[in-house]
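Please look over the sequence and the 3D structure below before reading on. The text starts with the whole chain and then turns to single residues.

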Amino acid sequence: MYLLSRSSYDQAAALIRADPAYADLTRTQYATALDWLVFMKLVADSEQGFVLIGRAAQSAPGSFARVLLGATLQKAQPPWLAEADSYVSKPDDMPSDLAHVANALGLPEEEAVLTVRQVHRKIDLAERARIGLAGESALMLLLNTVAPGSARHVALQSDGLGYDIELSDGRAVWHLEVKSTNRRGRLVIFLSRHEYEIAQLDPAWRLVTIGLTEDGTIGAVGTVPTAVLVTKAPADNTATARWESARYTLGPQDIVGGLPFLDLEIPVTPPGRFDWMPS
């Protein structure tokens with residue numbers, strides 16, 4: 001990668017063949033490494049020969065080790081990566097496979113942890129958006145099956161309302177903010193400042209939690225009282241700072257099973273393996 005950032009592929013290949021500094025690996029090993037970089041979409045074969053592409057082409061040579069680690073994590077997605085926000089916050093927390101790869105790349109432990117955090121955030125944002133839409137769609141299907149035409153998926157038209165679904169149960173109109181997860185062991189939700197303020201101002205606002213099964217159907221559904229959100233919210237420093245997004249970890253004591261505020265008979269699947277749901 002360093003050679004391709006400074007010269008053409010033909011020049012880089014000639015240097016590897018002729019310069020003793022590159023004799024620590026065989027030509028076969030270099031060829032295998034090149035194939036791997038192509039597979040990782042960091043290098044591509046062009047009319048000018050092999051060239052750096054994507055983030056590799058945009059990064060300084062001194063950043064290549066982090067680029068390689070980040071690409072490897074995104075491709076491999078080891079099981080611990082989904083929980084890295086909670087379990088990998090400092091070098092002492094590094095899983096053995098991460099430490100091994102970082103050492104092989106000559107990457108300091110602090111930079112390895114920083115790379116993990118960045119990759120986790122990128123993957124987590126995309127996954128949260130996918131799971132969030134799936135949960136909203138599943139709840140829409142459930143509500144309109146029980147009471148056809150009762151629910152509107154307003155978040156598809158505007159994300160500035162502070163809620164996702166507008167629902168009429170024949171007695172009242174409700175504004176449902178939906179937080180969904182396919183994680184079984186814990187429930188982590190993210191609440192924007194706008195959603196939090198709407199929750200306090202709008203008496204029709206309710207936070208609904210959805211646990212999705214492997215096939216995208218609802219496996220658990222509950223309601224988080226607004227008082228719980230207020231109690232657990234971060235505190236502003238009124239003079240200098242205020243929070244704009246909060247991360248909540250919720251347990252069974254924070255959730256009411258089902259949708260008890262509705263004047264509708266909603267079939268609620270038993271929580272099963274969703275440990276965060278009240279039994």
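Helices (H or I, at least four residues) and strands (E, at least two) are DSSP runs, numbered from the N terminus. The model is predicted, and for that reason local features need pLDDT of at least 70 and side-chain atom pairs count only at pLDDT 80 or more, while totals for chains, interfaces and linings use all residues. Residues are numbered from 1 along each chain as its sequence is written, and side-chain values use heavy atoms, with hydrogens and water left out.

Begin with the chain as a whole. The chain holds nine helices and 10 strands. Its C-alpha trace spans about 80 × 45 × 35 Å along the principal axes. The radius of gyration, taken over C-alpha atoms, is compared with a globule rule of 2.2 Å times the number of residues to the power 0.38. For a compact globule of 279 residues the value would be near 19 Å, but the chain has 25 Å.

Next come burial and surface. A residue is buried under 20% relative accessible area, exposed over 50% and partly exposed in between (1.4 Å probe, protein chains only). Of the 279 residues in the chain, 42% are buried. Accessible areas come from the Shrake-Rupley method with a 1.4 Å probe, and for residues only the protein chains shown count as cover. The accessible surface of the chain comes to about 15300 Å², and carbon and sulfur atoms account for 54% of that surface.

Contact means heavy atoms within 4.5 Å. Among contacts in the chain between residues at least 6 apart in sequence, 62% join residues at least 24 apart.

Which residues does R183 touch, not counting residues up to four places away in sequence? They are A82, E83, D124, F274 and W276. R183 itself sits in the loop between β5 (173-181) and β6 (187-192). A polar contact is a pair of N or O atoms within 3.5 Å; within protein, one must be able to donate a hydrogen and the other to accept it, and residues adjacent in sequence count only if both atoms are side-chain atoms. A polar atom of the R183 side chain lies 2.5 Å from the backbone oxygen of A82.

Move to the loop between α3 (54-58) and α4 (64-76), where S59 lies. With a relative accessible area of 17%, S59 is buried. A polar atom of its side chain is 2.7 Å from the backbone oxygen of R55. S59 is also in contact with F64 and V67, leaving aside its neighbours within four places in sequence. A57 is found in helix α3, and at 46% relative accessibility A57 counts as partly exposed. From A57 to A155 the distance is 37 Å, C-alpha to C-alpha, and the two are 98 residues apart in sequence.

P91 lies in the loop between α5 (84-87) and α6 (96-105). P91 is partly exposed, with a relative accessible area of 23%. Leaving aside neighbours within four places in sequence, P91 is in contact with E109, E110 and V113.

K41, in the loop between α2 (27-39) and β1 (43-46), has a positive phi of about 60° although it is not a glycine. K41 counts as exposed because its relative accessibility is 61%. Q77 lies in the loop between α4 and α5. Phi of Q77 is near 40°, a positive value in a residue other than glycine. At 45% relative accessibility, Q77 counts as partly exposed.
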